[in-house]
Amino acid sequence: FDATLELFGFAADTSRVDSVRVQLAGTVGSHQATLTAKGLQGSLALLLSGGLVDSTWTGQIDSLAFMHPRSGEWHLVAPAHLTAGRSGGDLDSLRLQSESAALLVAGSWERNGAWQGRMRLEGFGLDRVPMKLPENMSMVGVLEARADLSGQGNRTLGTADLSVEACTLLV
(Lines give C-alpha, C1' and ligand atoms only; values in the text may rest on other atoms or scores of the structure.)
Protein backbone atom coordinates (compact mmCIF):
# COMPACT_ATOMS: atom_id res chain seq x y z
CA PHE A 1 0.00 0.00 0.00
CA ASP A 2 0.94 3.62 -0.47
CA ALA A 3 -1.15 6.47 0.95
CA THR A 4 -0.76 10.18 1.66
CA LEU A 5 -2.95 12.52 3.71
CA GLU A 6 -2.42 16.27 3.68
CA LEU A 7 -4.19 18.90 5.79
CA PHE A 8 -3.72 22.66 5.51
CA GLY A 9 -4.59 25.71 7.60
CA PHE A 10 -6.45 24.69 10.75
CA ALA A 11 -6.39 25.35 14.49
CA ALA A 12 -5.49 22.76 17.12
CA ASP A 13 -6.52 24.08 20.53
CA THR A 14 -4.99 27.59 20.55
CA SER A 15 -2.26 26.89 17.99
CA ARG A 16 -2.49 27.44 14.27
CA VAL A 17 -1.25 24.57 12.14
CA ASP A 18 -0.18 25.49 8.61
CA SER A 19 0.25 21.95 7.28
CA VAL A 20 0.26 18.27 8.26
CA ARG A 21 1.38 15.48 5.96
CA VAL A 22 1.13 11.75 6.74
CA GLN A 23 2.58 9.17 4.37
CA LEU A 24 2.29 5.39 4.64
CA ALA A 25 4.16 2.91 2.44
CA GLY A 26 4.83 -0.82 2.47
CA THR A 27 2.88 -3.89 3.48
CA VAL A 28 0.99 -4.75 6.65
CA GLY A 29 3.97 -6.83 7.81
CA SER A 30 6.64 -4.24 6.91
CA HIS A 31 5.93 -0.56 6.44
CA GLN A 32 7.03 3.01 7.11
CA ALA A 33 5.02 6.01 8.22
CA THR A 34 6.10 9.64 8.15
CA LEU A 35 4.44 12.63 9.75
CA THR A 36 5.42 16.23 9.20
CA ALA A 37 3.68 19.24 10.70
CA LYS A 38 4.42 22.97 10.49
CA GLY A 39 2.90 25.94 12.23
CA LEU A 40 3.60 29.19 14.05
CA GLN A 41 4.60 27.29 17.21
CA GLY A 42 7.21 25.17 15.44
CA SER A 43 7.57 22.04 13.37
CA LEU A 44 7.65 18.25 13.76
CA ALA A 45 9.07 15.43 11.64
CA LEU A 46 8.58 11.76 12.60
CA LEU A 47 9.54 8.50 10.87
CA LEU A 48 8.26 5.12 12.12
CA SER A 49 9.01 1.70 10.69
CA GLY A 50 7.71 -1.71 11.64
CA GLY A 51 5.06 -4.26 10.99
CA LEU A 52 1.87 -5.85 12.25
CA VAL A 53 2.05 -9.55 13.21
CA ASP A 54 -0.64 -11.39 15.22
CA SER A 55 -2.44 -8.13 16.16
CA THR A 56 0.73 -6.55 17.57
CA TRP A 57 2.62 -3.75 15.88
CA THR A 58 6.36 -3.95 16.51
CA GLY A 59 8.78 -1.38 15.22
CA GLN A 60 10.72 1.70 16.07
CA ILE A 61 10.80 5.44 15.95
CA ASP A 62 13.60 5.88 13.41
CA SER A 63 13.75 9.65 13.55
CA LEU A 64 12.05 12.42 15.43
CA ALA A 65 12.84 16.12 15.21
CA PHE A 66 10.90 19.12 16.36
CA MET A 67 11.48 22.81 16.75
CA HIS A 68 9.77 25.21 19.11
CA PRO A 69 10.58 28.94 19.10
CA ARG A 70 11.40 28.96 22.81
CA SER A 71 12.65 25.46 23.70
CA GLY A 72 14.73 25.07 20.54
CA GLU A 73 15.48 22.24 18.14
CA TRP A 74 15.31 18.66 19.43
CA HIS A 75 16.25 15.43 17.66
CA LEU A 76 16.22 11.71 18.37
CA VAL A 77 19.64 10.39 19.39
CA ALA A 78 19.03 6.72 18.40
CA PRO A 79 16.02 4.69 17.25
CA ALA A 80 13.51 3.90 20.02
CA HIS A 81 11.74 0.54 20.02
CA LEU A 82 7.95 0.62 20.18
CA THR A 83 5.26 -2.07 20.41
CA ALA A 84 1.48 -1.69 20.52
CA GLY A 85 -1.24 -4.30 20.51
CA ARG A 86 -4.51 -5.37 22.09
CA SER A 87 -2.79 -6.48 25.29
CA GLY A 88 -0.72 -3.32 25.71
CA GLY A 89 2.41 -1.64 24.51
CA ASP A 90 5.89 -0.45 25.31
CA LEU A 91 8.15 2.49 24.45
CA ASP A 92 11.80 1.81 25.19
CA SER A 93 14.32 4.61 25.71
CA LEU A 94 13.21 7.53 23.57
CA ARG A 95 16.16 9.92 23.94
CA LEU A 96 16.03 13.45 22.52
CA GLN A 97 18.92 15.92 22.44
CA SER A 98 18.94 19.71 22.11
CA GLU A 99 22.24 21.53 22.54
CA SER A 100 23.42 20.39 26.00
CA ALA A 101 19.94 19.28 27.10
CA ALA A 102 18.64 15.71 26.96
CA LEU A 103 15.20 14.18 27.49
CA LEU A 104 14.67 10.45 28.09
CA VAL A 105 11.17 8.93 28.07
CA ALA A 106 10.14 5.28 28.46
CA GLY A 107 6.95 3.54 29.46
CA SER A 108 4.48 0.75 29.02
CA TRP A 109 0.74 0.19 29.27
CA GLU A 110 -1.53 -2.82 29.58
CA ARG A 111 -5.02 -3.52 28.34
CA ASN A 112 -6.37 -3.65 31.90
CA GLY A 113 -5.46 0.04 32.31
CA ALA A 114 -2.19 -0.36 34.21
CA TRP A 115 0.67 1.80 33.01
CA GLN A 116 4.11 2.97 34.06
CA GLY A 117 6.47 5.60 32.75
CA ARG A 118 9.68 7.40 33.47
CA MET A 119 11.10 10.70 32.32
CA ARG A 120 14.46 12.40 32.78
CA LEU A 121 15.32 15.95 31.70
CA GLU A 122 18.96 16.96 31.98
CA GLY A 123 20.78 20.22 31.32
CA PHE A 124 17.80 22.28 30.13
CA GLY A 125 18.62 26.00 30.25
CA LEU A 126 16.14 28.16 32.15
CA ASP A 127 16.36 30.75 29.37
CA ARG A 128 14.41 28.22 27.24
CA VAL A 129 11.51 27.93 29.69
CA PRO A 130 8.51 30.15 28.85
CA MET A 131 8.22 32.54 31.82
CA LYS A 132 6.26 35.70 32.44
CA LEU A 133 9.00 37.99 33.77
CA PRO A 134 9.07 41.78 33.64
CA GLU A 135 10.46 43.10 30.35
CA ASN A 136 13.98 43.93 31.63
CA MET A 137 14.49 40.68 33.57
CA SER A 138 15.74 37.25 32.61
CA MET A 139 16.70 34.10 34.44
CA VAL A 140 19.64 31.82 33.76
CA GLY A 141 20.43 28.42 35.23
CA VAL A 142 19.90 24.75 34.50
CA LEU A 143 16.73 22.74 35.02
CA GLU A 144 16.90 19.03 35.88
CA ALA A 145 13.78 16.87 36.29
CA ARG A 146 12.86 13.24 36.78
CA ALA A 147 9.62 11.37 37.24
CA ASP A 148 8.87 7.69 37.82
CA LEU A 149 5.13 7.09 37.74
CA SER A 150 2.69 4.21 37.53
CA GLY A 151 -1.03 3.92 37.66
CA GLN A 152 -4.25 2.14 36.96
CA GLY A 153 -7.51 3.84 36.08
CA ASN A 154 -7.62 7.21 37.84
CA ARG A 155 -4.95 6.25 40.41
CA THR A 156 -1.37 7.48 39.91
CA LEU A 157 1.61 6.72 42.14
CA GLY A 158 5.24 7.69 41.89
CA THR A 159 7.90 10.25 42.51
CA ALA A 160 8.87 13.42 40.70
CA ASP A 161 11.87 15.65 41.37
CA LEU A 162 12.65 19.05 39.95
CA SER A 163 15.84 20.97 40.64
CA VAL A 164 17.36 24.19 39.40
CA GLU A 165 21.11 24.63 39.47
CA ALA A 166 23.10 27.89 39.31
CA CYS A 167 19.96 30.02 39.05
CA THR A 168 20.51 33.76 38.64
CA LEU A 169 17.91 36.47 38.08
CA LEU A 170 19.31 39.14 35.77
CA VAL A 171 17.94 42.67 36.03
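My entries on the salt bridges follow.

I note that this is a predicted model, in which local features need pLDDT of at least 70, side-chain atom pairs count only at pLDDT 80 or more, and totals for chains, interfaces and linings use all residues. Residues are numbered from 1 along each chain as its sequence is written, and side-chain values use heavy atoms, with hydrogens and water left out.

I looked up the salt bridges (a side-chain nitrogen of Lys or Arg within 4 Å of a carboxyl oxygen of Asp or Glu), and the count comes to five.

I then checked Asp 18, which forms a salt bridge with Arg 16, the closest N and O atoms being 3.6 Å apart. For accessibility I used relative accessible area (buried under 20%, exposed over 50%, partly exposed in between, with a 1.4 Å probe and protein chains only). Asp 18 is partly exposed at 34%, and Arg 16 is partly exposed at 43%.

Next I turned to Glu 122 and Arg 95, whose salt bridge has its closest N and O atoms 4.0 Å apart. Glu 122 lies in strand S10 (residues 114-125) and Arg 95 in strand S8 (residues 88-98), so this pair ties together parts that are 27 residues apart in sequence. I took strands (E, at least two residues) as DSSP runs, numbered from the N terminus.

Last I looked up Asp 148 and Arg 120, whose side chains meet in a salt bridge at 3.2 Å, N to O. Asp 148 lies in strand S11 (residues 138-152) and Arg 120 in strand S10, so the pair ties together parts that are 28 residues apart in sequence. I recorded Asp 148 as partly exposed at 29%, whereas Arg 120 is buried at 16%.

Note on methods:
Helices (H or I, at least four residues) and strands (E, at least two) are DSSP runs, numbered from the N terminus.
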